[in-house]
Amino acid sequence: MISLISTLLYLAKDTVHRWFARISSPLARVLVVFFLSLCALFFLGTYVISVNVVRTRIMNEGGNMIHAVISPEHGSTLHIPGQRELKDWLQADSWNLLMVGSARREDGSAVTIYTTEFSRFGQILPLMAHNGSPTLLCPAEGRESRPEGLTEVSIGGRKGVTFTVSVRHLPANHPLSRTLKRGGLLLSPEEAAAWLGEDRLQTCSRQLLLRINNISSAADIRRAEQYLQNLIRLEGASAGVNSAVRLLEQLDIVLDNQMQCRAGFCLGIVLIVGILLTSLAGMEYRQNEYIYTLMKSFGIHPMLLVLSFLCENLFLVAAAFAAAFAVFMHSQAIILTQFFKLGEFRLSVAEIQPELQLICAALLLCVLVSSLPIVVAANREIGRVLK
């Protein structure tokens with residue numbers, strides 16, 4: 001045990017002595033790994049931010065939503081699963097609006113009248129005026145916007161009934177803001193049933209909106225869209241289903257291609273760092289091969305010599321990568337905003353963790369490959385070296 005400790009201390013002292021005797025050897029390894037790791041972090045970090053920007057933009061534009069306008073056959077009823085069922089089956093939030101007719105505003109423009117089922121009334125009640133009275137929803141901005149307050153609408157053409165309703169603005173970030181782009185007159189289920197009759201409500205066309213939660217790929221949207229199409233076909237209804245599934249599929253293809261670029265970039269790092277570490281380790285071992293062979297003749301196992309060079313390279317590479325990571329985390333805001341023009345973004349460790357693992361795996365492979373010449377040299381016969 002004492003001899004093992006003495007051997008390890010001697011090898012550590014020999015390593016430090018070689019560093020000071022030839023400072024260019026450890027400095028070259030540290031600087032090459034530092035700058036390559038820093039370039040890799042900025043390259044892959046820019047890739048992660050670009051993907052996040054595109055995905056966030058798609059989601060903000062309704063990429064995680066499916067909009068369907070479903071019309072039952074004449075005289076037939078249409079049954080849509082409830083909110084809880086769609087939540088359990090598709091992991092999606094849903095809004096089911098019944099289009100019960102149309103009305104005209106004071107300026108003569110038409111607006112669709114909507115209601116919903118009793119079980120879903122709680123979804124649209126916060127959007128309506130107090131006590132759930134008829135409410136004219138409209139966008140806060142744009143051509144269809146109206147000032148909040150009271151206005152008159154008429155139902156039934158020129159000789160129809162005119163009554164006063166409240167005007168409220170639809171929140172811009174509300175899921176229904178894409179369904180009700182031109183606004184809509186919301187009625188409670190009781191008022192709609194009293195106007196049309198309970199039976200006729202079941203035969204009304206519907207606007208069904210699904211918001212898929214926790215999307216990982218376009219397959220999640222495709223699965224929900226296929227479910228809707230099967231449901232519509234089984235109900236014997238006709239419908240138009242719209243989603244951003246094709247755009248998300250194109251994004252997935254781009255991501256797959258980016259994965260190949262990332263793998264190629266890391267392969268380049270492996271080649272450069274691997275060649276450097278292998279050549280320097282082999283050169284330093286040959287310079288001290290006589291001493292190491294004497295140590296083997298005294299009973300030192302060759303694997304201790306291999307492990308000393310392996311630990312040396314591992315320490316230098318780990319220190320260089322840690323320094324590159326620290327510089328990246330402190331300077332990423334300047335680099336990403338000034339050079340790559342990506343705006344005010346900042347990556348967290350969790351967001352870039354897969355890239356960190358990829359670079360660490362590439363560098364670890366370099367260290368392992370660099371020890372192969374040492375393994376061959378350390379197992380040479382003692383007599384061939386000391387002759």
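**Group meeting: a walk through a predicted model**

Let me begin with Gly 183, which touches Val 111, Tyr 114, Leu 137, Cys 138 and Pro 139, leaving out residues up to four places away in sequence; contact here means heavy atoms within 4.5 Å. This is a predicted model, in which local features need pLDDT of at least 70 and side-chain atom pairs count only at pLDDT 80 or more, while totals for chains, interfaces and linings use all residues. Residues are numbered from 1 along each chain as its sequence is written, and side-chain values use heavy atoms, with hydrogens and water left out.

Back to Gly 183. It is found in the loop between strand S6 (161–170) and strand S7 (184–186). Helices (H or I, at least four residues) and strands (E, at least two) are DSSP runs, numbered from the N terminus. Is Gly 183 buried or exposed? Gly 183 counts as buried because its relative accessible area is 7%; buried means under 20%, exposed over 50%, and partly exposed in between, with a 1.4 Å probe and protein chains only. Gly 183 and Val 111 are 72 residues apart in sequence, and their C-alpha atoms are 6.8 Å apart in space.

Now the whole protein. Its secondary structure comes to 13 helices and nine strands. Of its 387 residues, 44% count as buried. Among contacts with a separation of 6 or more, 78% come from residues 24 or more positions apart. The accessible surface comes to about 20900 Å², and 61% of that belongs to carbon and sulfur atoms. Those areas come from the Shrake-Rupley method with a 1.4 Å probe, and for residues only the protein chains shown count as cover.

Next, the largest pocket, with a volume of about 210 Å³. Of the 14 residues that line it, the closest to its centre are Asn 60, Ala 172, His 174, Ser 177 and Arg 178. A pocket is an open set of points on a 1 Å grid over the protein atoms alone, where a 1.4 Å probe fits, with protein on both sides within 12 Å along at least five of seven lines; lining residues have an atom within 4 Å of a point. Grid points are joined across faces, edges and corners, and the volume is the space filled by probe spheres set on the points. The lining has four nonpolar, six polar and four charged residues.

Some single residues follow. Asp 252 is found in helix H8 (residues 245–287) and counts as buried because its relative accessibility is 18%. Apart from neighbours within four places in sequence, Asp 252 is in contact with Arg 55, Ser 217 and Ala 218.

Most residues other than glycine have a negative phi. Gln 91 lies in the loop between helix H3 (83–90) and strand S2 (92–104).

Leu 307 is in helix H10 (residues 302–338). Leu 307 and Ser 371 are 64 residues apart in sequence and 8.4 Å apart in space, C-alpha to C-alpha. Ser 133 sits in the loop between helix H4 (121–124) and strand S4 (135–139), and its C-alpha is separated by 7.1 Å from that of Leu 187, 54 residues away along the chain.

Last, the cysteines. Cys 204 is buried, at 10% relative accessible area, and Cys 311 is partly exposed, at 47%. Counting pairs of cysteine sulfur atoms within 2.5 Å as disulfides, the total is zero.

Conventions:
Nonpolar A, V, L, I, M, F, W, Y, C, P; charged D, E, K, R; others polar.
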